[in-house]
Amino acid sequence: MAPEPLLTLSGVTAGYGAGLILKGVDLEVEAGKVVCLIGPNGAGKSTVLKTISGLLRPKSGTVRFRGEEIGQLRPRERLLRGVVHVPQDRSLFPEMTVWENLIMGAFSLSDGAVVKQRAEAIAEDFPIVTSRRNAQAGSLSGGEQKQVELARSLMLDPALILLDEPSIGLDPKSRVSVFESIRTLADGGRTVLLVEQNARSGLQAADKGVVLEAGRVALTGTGDALLNDPEVARLYLGAASHVSLEQVEVADGAA
Ligand SMILES: Nc1ncnc2c1ncn2[C@@H]1O[C@H](COP(=O)(O)OP(=O)(O)OP(=O)(O)O)[C@@H](O)[C@H]1O
Ligand SMILES: [Mg+2]
């Protein structure tokens, strides 16, 4: 029997007032994988992440993490169990240095020596942390700040990292760095649930893709399967002419 996924959402409904935004979301995230959630604006992608990290509590349904129901726990309790949320907006303290921001990620640890050791180890994977260690975080570029946010998210040694639109607003080079960092996280044994507007890059970096439409999961498949799905290409991969052309060629070859 396959092991239980690290994270399982079953029939999750949630909203911000009387109405429901999530209308019964079922989602499984297997340990060590990168799962990419795509879908139109307003579909509820960020809301899904909030129900997992605890910024929002489901109205019904369950959020199981490592075999435990966490759906009604406070954000801090979920963080201490290993769920970290990197929101879409810039979240560093701009007046503090890069290094101070990194240390803030370990707020619940009291042993300064352990914190320092962990920060040094993480800095090895995120060169910007070392090279701009004493710079004010607000003086870094968007892409550099995103790298520091990713580094900071690791300070409590999370099992599951929720990333909301990590590549938004970044130039192509920074975008590539972010996706490389995401792969590195997964290769290091962490699990990543990623929301991406750059659906093509997100699905390329992902083991599994999930399409959310109007508060429900409309489609699930391997990253490759979704990249090659004509409907997904038409709706979500933008500038799809290149893909369509490839598909025409494949179809021609098969005929
Ligand atoms: N704090 C809030 N209060 C009230 N309504 C909200 C709040 N946050 C989101 N919503 C509404 O919930 C719906 C889903 O929002 P959500 O942010 O989850 O979508 P999304 O799929 O992440 O969209 P996007 O791609 O634009 O980021 C939207 O209609 C939005 O207006
Ligand atoms: Mg969003």
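What share of the contacts in the protein with a separation of 6 or more comes from residues 24 or more positions apart? The answer is 66%, where a contact means heavy atoms within 4.5 Å. Keep that figure in mind as we walk through the model.

## How to read the model

This is a predicted model, in which local features need pLDDT of at least 70, side-chain atom pairs count only at pLDDT 80 or more, and totals for chains, interfaces and linings use all residues. Residues are numbered from 1 along each chain as its sequence is written, chains are lettered from A and ligands numbered from 1 in the order in which they are written, and side-chain values use heavy atoms, with hydrogens and water left out.

The score pLDDT is the predictor's confidence in each residue, from 0 to 100. For this protein the mean pLDDT is 91, and 93% of the residues reach 70 or more. One stretch to read with care is residues 240-255, where pLDDT stays under 50. For that stretch the model has 8 contacts beyond four places in sequence.

## The overall picture

Let us begin with the whole protein. It contains 11 helices and 10 strands; helices (H or I, at least four residues) and strands (E, at least two) are DSSP runs, numbered from the N terminus. The protein is as compact as a globular protein of its length, because its radius of gyration of 19 Å is close to the 18 Å that the globule rule gives for 255 residues. The radius is taken over C-alpha atoms, and the rule is 2.2 Å times the number of residues to the power 0.38. Along its principal axes, the C-alpha trace spans about 65 × 40 × 40 Å.

Of the 255 residues, 47% are buried. Buried means under 20% relative accessible area, exposed means over 50%, and partly exposed lies in between (1.4 Å probe, protein chains only). The accessible surface comes to about 12,100 Å², and 53% of this belongs to carbon and sulfur atoms. These areas come from the Shrake-Rupley method with a 1.4 Å probe; for residues, only the protein chains shown count as cover.

The protein has 27 positive and 31 negative side chains, with Lys and Arg counted as positive and Asp and Glu as negative, while His and the chain ends are not counted. The centres of the two sets lie 7 Å apart, taking the place of a charge as NZ of Lys, CZ of Arg, CG of Asp or CD of Glu.

## A look at the inside

Helix α1 covers residues 45-53 and is largely enclosed by the rest of the structure, because 7 of its 9 residues are buried. They are K45, T47, V48, L49, T51, I52 and S53. Just after α1 comes G54, with a positive phi of about 105°.

T47, in helix α1, has contacts with Y16, I21, L22 and L56, leaving aside its neighbours within four places in sequence. L49, another buried residue of α1, is one of the residues that L163 touches.

L163 itself lies in strand β7 (residues 160-164). Not counting residues up to four places away in sequence, its partners also include V86, L150, I182 and V192.

G223 is found in helix α9 (residues 223-227). Its contacts, leaving aside neighbours within four places in sequence, are L203, A206, D207, K208 and G209. From G223 to A205, 18 residues apart along the chain, the C-alpha separation is 7.7 Å.

## Accessibility side by side

| Residue | Class | Relative accessible area |
|---|---|---|
| L163 | buried | 1% |
| T47 | buried | 6% |
| G223 | buried | 1% |
| R200 | partly exposed | 25% |
| D157 | partly exposed | 48% |
| A214 | partly exposed | 49% |

## Loops and a helix

Most residues other than glycine have a negative phi. D157, however, has a positive phi near 55°, and it is found in the loop between α6 (142-153) and β7. A214 has a positive phi of about 50° although it is not a glycine. Its place is the loop between β9 (208-213) and β10 (216-222).

Finally, R200 belongs to helix α8 (residues 199-205). R200 and R152 are 48 residues apart along the chain, and their C-alpha atoms are separated by 26 Å.
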